[in-house]
Structure formats: C-alpha cells, structure tokens
Amino acid sequence: MPDRMLFCTKSSRSEVSSIISDVCNDEIDHEWKEVKAGSEQGNCWNLMWTWKTPKLNIEHLLTFQRVSRFQSAKCLTRKDLLKKRLEIVATKIPPRYRNEWNIMPLTFALPKEFTSFLSAFSSNGRKSGIDKQEHPNFWIMKPVGMSRGRGISIINDIAQVKYSTPTVIQRYLPNPLLFDGFKFDLRLYVLVTSFTPLEAFLYREGFARFGSRKYTNLTDDMSDLQMHLTNSSIQKNFSQDLKGTHPSSDAGVDGGDNKVRISWLWNRLKPLGVDVEEIWEQIKKLCIKTLIATADEIPHQPNSFELFGFDIILDSSERPWLIEVNSCPALSRESELDFRVKEKLISDVLKVVDPPQYNRDALLECCRKRLYEKKRASSKFVSEKELLEEDLKKVFDNKVPRQYGEHKDDTGFFDRIAPSAIYSELHEQVKGNKCETGIQRVG
C-alpha cells in the first residue's frame, strides 16, 4: 500500500505555511503528514510549497515530487519582461489578428524607453487638450519588482516621472467598466502544470476588487488612491468607507474588505445587460495568449507547478485588459471571504496537481537491488526494462502518474484552458502551425 503523503512548506510568511497546513490536514482524498525540510523524512516529500524559488536541483527530483514554483519564470511575472514578450509575439502574428493580441494597455519600460514614452505622452496630451474627460492624460507608474500596490503612483505631468529603479509606466485606462459607480479589477487564478508543452487551468472563482470611493476621471481627483487603485493592501487603509452602499457590503457573505466573489459580481452584472459569458471567453483567450507569449522562455520542469495571480480590468465596452501577472498571489486570510475562497482554491490546486503516492519500502528495495545486485535479469528472456517496469508497479501500486493532457475527473473549480481547442487556434496564429496536443508524461 502507498505510504502517507508528505508535504513541507518553505516560507517565512506564516500566512502561506498556515493555509497549506490547514488545507492538507483537512484533505479527505489523501492522508497528509507535514515534514520539515532537512529532517529525516524531509527529502522524501511529495509536495513542497514554497514562497520563493527554492534552491533545488530540479534534475534530482523524483517522479513523485511536486514543487510549487517554476524556475526562470520572470518573463511572465516581471512587468517589463512580460511587456517585452508580448511585443515580440506581436511581430509574429498576421496583421489580421494583431488587434486581438493587443491585450495590455500601452506600456513602456523606463529608463530604456523614455523617449518612446515621451512621444506617446505628448500625443495623448494633445488629445486630452481636446477632450479631457474622454482622453485624460493619466499614466500609472510601477516599480518592476514590486507587488501589492507598493510604489504605485498616478501621474499626468512629465515632471512627475521617476525611474531611479527599473520602472514601467502604463497608460491608465480612462473608461473602466463600473459597478454601482465604483471602479474594480479582477484577481483571477491560473494554475500552470507545464510550460513546454503548455498545460494550464483557469479558476472559475476569484475576487473583484473595488475602490472605496466612486469613480471619476477628473484631473482634480487624480491623486485619490481610494478611487483609482483597487489593490486590497491599499484599500484596507480606508476600511471606514467600505460600508453602507459599497459593493463588498452589499454582497453580504460574498463580500469582505474591498472584495467580492467574482461569481457574485457576474450574477449582478447579468441583469444589467452585461454579456458575462462572452467576457469569460475573452478572459480565457487573454490568459492563453499571455502564457503562449512566455512559455518558450521557461524550460521544461516536469516536477513543477505554479499558481499565478492574473490581474485584469474591463473597459466600458466589456473588453478585458491584462494589468500584470503575479507570482505567489497573496494567500492571507483576513476575512471570512478569504477563508472560503482561498482554502477551496488551494484544495483544488492539490486535486489538479495530485502528486503521485508511492510505497517507500518498495522504492528502497528497488534502489537496493540496483546498488548491490550485479545481475538483475533472472533469465535471458527477461529484460532489464521489464524488471524495472515490475519494480515501478510495486512502487506506485500499479497506478501510472498523470500524463500531459490527460483528463481528470475532478478538478474542482479549475477549467483546463491548455491544451484545448482555443489554445490550438491561438497557438496556430503565432506559430503558423497547429500545436501538438499528444499525451506526454507530466512528471
């Protein structure tokens, strides 16, 4: 019989280790036991959940081990590198598709692209002079290596631009879709289990994050962070305004802090005539395009998986735009809503990743044979390969580890977006040929 599943966490953040421990201890599909890295059992884990990219030689990991980070994935999660990858892909797309692949607001990496930014700023300023409400010359400035709203500022004067550290400056979306007069963005979760070939899952639940003051695009209100920035780490400073008519208060148990469940928002938008189903299809395509643009830069790592936080905003025409992609999305549980959504999220991640169970005694016996027995084959009619297959059946209790593209009966709220028909179509637009979706072993 397979042994208990072992997991370990490597994070200095207590909110990460606590939610992983709580979810694993509550799992009913597997019996989990927590081990400390470096202990007697610390190298035999099935699952390692880590905040930072661990110092592991991934080539030394065994088939049954899964680690929650990809190495060399900054091209996806660093704002300037993601912008560069999207630009490179744009050069490979036939002209008839290019507008569809324009998925990020106009963005520049400073200081390298300051001259190009200056030209765009001046051009937009001329439009703003004609109609300041329709074309306000707002830009949002962010350090490339920071998250959770740190270092963000909104500017409309070239003298306000600072880039002593690498910075991206992005055209501020002047016409966001509003709900009850409030600006919001979406925090969505994408689970990637392989980049080459690509296998990814989009979570149907997530958060809509609201500003705490009703939105206007007037220049006089430009510095109002309550209105313009939806990051939870910023809005929690204005908790006194997250009551009464605020959407999070209106949502009841489906709201908390400045957030509401996405499913609650969809149900409220449908009666207003918003085509929620079409928005979701466009969001799927946006996520797939983002992953296609970066997948070739990330080497094959069969033992890795990662949960990414995609930040997306909708404009008034209901078109989704990518703001950024976050590694290690926040797992802190600061409200009842966080507990319900994030614990279910982690539980569903484990369902999809599903680290193989194995029999440790059988594995030790297999290793002993290879170390100490010079002659394995009992006769000339039995090959070494056949003996290995027999040993592996004992180690994995006759269960074959899940293969790339193989259907899983239970993925919780996750829907597979790659491989898929949509993925094949978008991949063909970039590569000029249909992608391979044959079965390959994940780990």
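Analyst: Helices here are DSSP runs of H or I with at least four residues, strands are runs of E with at least two, and both are numbered from the N terminus. The model is predicted.

Start with phi. Most residues other than glycine have a negative phi, and most peptide bonds are trans. Ser 72 is not a glycine, yet its phi is positive, about 65 degrees. Ser 72 sits in the loop between β4 (66–67) and α2 (74–77). Glu 318 also has a positive phi, near 70 degrees. Its loop runs between β15 (306–314) and β16 (320–327). Glu 318 has a relative accessible area of 24%, so it is partly exposed.

Now the peptide bonds. Leu 110 to Pro 111 is cis, with omega near 10 degrees. Pro 111 lies in the loop between β5 (107–110) and α4 (114–130). Ala 418 and Pro 419 are also joined by a cis bond, with omega about -5 degrees. Pro 419 is in the loop between β18 (414–418) and α13.

The axes of α13 (residues 421–431) and α9 (residues 276–295) come within 10 Å and cross at roughly 50 degrees. The two helices are therefore oblique to each other. Their crossing is right-handed. From α9, Glu 281, Lys 285, Ile 288, Lys 289 and Ile 292 make the contact; from α13, Ile 422, Tyr 423, Leu 426, His 427 and Val 430 do. These contact residues comprise six nonpolar, one polar and three charged.

Note on methods
Residues are numbered from 1 along each chain as its sequence is written. This is a predicted model: local features need pLDDT of at least 70, side-chain atom pairs count only at pLDDT 80 or more; totals for chains, interfaces and linings use all residues. Side-chain values use heavy atoms; hydrogens and water are left out. Axes are lines fitted to C-alpha atoms, for helices over the stretch in contact, and angles run from 0 to 180 degrees between N-to-C directions. Angles under 35 degrees count as roughly parallel, over 145 as roughly antiparallel, 65 to 115 as roughly perpendicular and the rest as oblique. A crossing is left-handed if the near helix is turned anticlockwise from the far one by less than a right angle, and right-handed if clockwise. Contact means heavy atoms within 4.5 Å. Ala, Val, Leu, Ile, Met, Phe, Trp, Tyr, Cys and Pro count as nonpolar, Asp, Glu, Lys and Arg as charged, and the others, Gly among them, as polar. Buried means under 20% relative accessible area, exposed over 50%, partly exposed in between (1.4 Å probe, protein chains only).
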